[in-house]
Every structure is written in structure tokens, then in C-alpha cells.
Amino acid sequence: MLSSKFNEFYILNKLALAGLITACKIIGFQFLAVVVASLAVLLIQNQNSALSLFVGGCCGILPNIVLAMFLFSSAGATQLKTTMSRFYRGCSIKLILTSIVLAVILKSQLFLVGFVFSGFALALVAHVLAPNSFHLTLLGNNNGSKW
């Protein structure tokens with residue numbers, strides 16, 4: 001009896017782990033895009049512009065990390081209600097966290113507003129443009145084809 005519960009728990013953790021790994025790849029791609037753009041701005045503009053772009057990008061990435069942790073803390077058909085509850089809770093926290101972090105950044109007046117929003121937008125677009133193989137793995141298609 002205990003062995004079957006352990007195996008069920010282990011399988012659910014494997015499913016959640018697969019989703020979490022895919023989410024980490026997507027978040028890593030976002031971070032890479034923000035870092036490359038920040039380095040390009042550093043070479044073209046100045047340090048304050050590059051830092052503002054980086055901070056804005058991190059403001060878009062940090063809430064995605066929180067959502068991924070909430071969403072992939074459980075997985076499996078038997079955990080559907082729990083997964084949906086965590087998804088809604090994670091989305092709510094993501095929106096609140098994004099609002100608070102952006103408000104603090106803009107209220108501080110230490111960063112250039114245009115570059116902050118450019119970095120934030122870049123992080124959001126990078127999430128959508130993340131390589132297709134990351135998203136397909138999340139859907140369970142590991143062979144790389146769409147069908």
C-alpha cells in the first residue's frame with residue numbers, strides 16, 4: 001500500500017518536473033534575450049540605459065518564475081483541481097507582483113522609463129518567441145514535430 005502511494009507520488013513529481021524543466025528553458029531564453037539586448041544597449045548607449053533595460057526585463061521575468069513554481073508544483077490527472085487552483089493563484093500573484101515591482105521601479109526614478117518598458121516588453125515578446133521545441137515539450141510531444 002505504501003509502495004503504491006510512493007510510486008504514484010513519484011510519477012506525479014516526474015510529470016511536474018518535466019513541465020518545470022520546460023518552463024525553466026523558456027525563462028532562460030527570456031533572460032538570455034534581455035541580457036543580450038542589455039549588452040547591445042551598453043555598447044551603443046550608456047550604463048544607465050543598459051541597466052534600465054535589464055531591470056525592466058527582470059521585472060517581466062520574475063513573475064514568470066513565480067507562476068512556474070506555482071503551476072508545476074503538482075501535475076497529473078488526479079491533481080487537476082489542485083493544478084487549476086494553483087494556476088489561478090499563480091496568475092493572480094503574477095499580476096500583483098508585476099504591478100508592485102513596476103510601481104517600485106518607476107517610483108524610485110533611478111531608471112530611464114523608456115528603457116524599463118522596452119526591457120519589460122522584450123521579456124514578454126521573448127516568452128512568446130521562445131523556440132517551439134520548448135513549448136512542444138510542455139505539451140508532451142518530445143520528438144520535436146508538431147504532429
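Figure 1. At a relative accessibility of 69%, Gln109 counts as exposed. The model shown here and in the other views is predicted. Gln109 sits in the loop that joins α3 (80-108) to α4. Its phi is near 55°, a positive value although the residue is not glycine. Most residues other than glycine have a negative phi.

**Figure 2. The whole chain, for orientation.** The protein has 5 helices and 0 strands, and its elements run α-α-α-α-α from the N terminus on. Of its 147 residues, 29% count as buried. The accessible surface comes to about 9300 Å², and carbon and sulfur atoms account for 73% of that area. Among contacts between residues at least 6 apart in sequence, 69% join residues at least 24 apart.

**Figure 3. Helix α4 and its buried side.** Helix α4 covers residues 113-128. At 1.5 Å a residue, its 16 residues should span 22 Å, and the end C-alpha atoms are 23 Å apart, which agrees. The buried residues of α4 are Val116, Gly119, Phe120, Ala123 and Ala126. They lie on the same side of α4, because they cover an arc of only 125° around the axis. In an α-helix there are 3.6 residues a turn, so residues three or four places apart point the same way.

Figure 4. Leaving aside residues up to four places away in sequence, Leu53 touches Val34, Ala37, Ser38, Val41, Phe115, Ser118 and Gly119. One of these, Gly119, is also among the buried residues of α4. The C-alpha atoms of Leu53 and Ala121 are 9.7 Å apart, while the two residues are 68 residues apart in sequence.

**Figure 5. The aromatic pair Phe31 and Phe54.** The protein has 2 aromatic pairs. In the pair of Phe31 and Phe54, the ring centres are 5.9 Å apart and the planes are at 70°, so the pair is edge-to-face. Phe31 lies in helix α1 (residues 2-44) and Phe54 in helix α2 (residues 47-71), so the pair ties together parts that are 23 residues apart in sequence. Phe31 is partly exposed at 39% relative accessibility. Phe54 is also partly exposed, with a relative accessible area of 27%.

**Figure 6. The aromatic pair Phe87 and Tyr88.** Phe87 and Tyr88 form an edge-to-face pair, with 5.8 Å from centre to centre and 65° between the planes. Phe87 has a relative accessible area of 30% and is partly exposed. Tyr88, at 53% relative accessibility, counts as exposed, because the limit for that class is over 50%.

Figure 7. A disulfide is a covalent bond between the sulfur atoms of two cysteines. The count of disulfides in this model comes to 0. Cys24 counts as partly exposed at 44% relative accessibility. Cys91 is partly exposed as well, with a relative accessible area of 24%.

Conventions. Residues numbered from 1 in each chain as written. Predicted model: local features only at pLDDT ≥ 70, side-chain atom pairs only at ≥ 80, totals over all residues. Heavy atoms only, no water. Helix = DSSP H or I, 4+ residues; strand = E, 2+ residues; numbered from the N terminus. Expected span 1.5 Å × (residues − 1). Buried < 20%, exposed > 50% of the residue type's maximum accessible area, 1.4 Å probe, protein only. Arc of directions from axis to C-beta. Disulfide = S-S within 2.5 Å. Contact = heavy atoms within 4.5 Å. Areas by Shrake-Rupley, 256 points an atom, 1.4 Å probe, with all protein chains shown as cover. Phe/Tyr/Trp six-rings, centres within 6.5 Å; stacked < 30°, edge-to-face > 60°.
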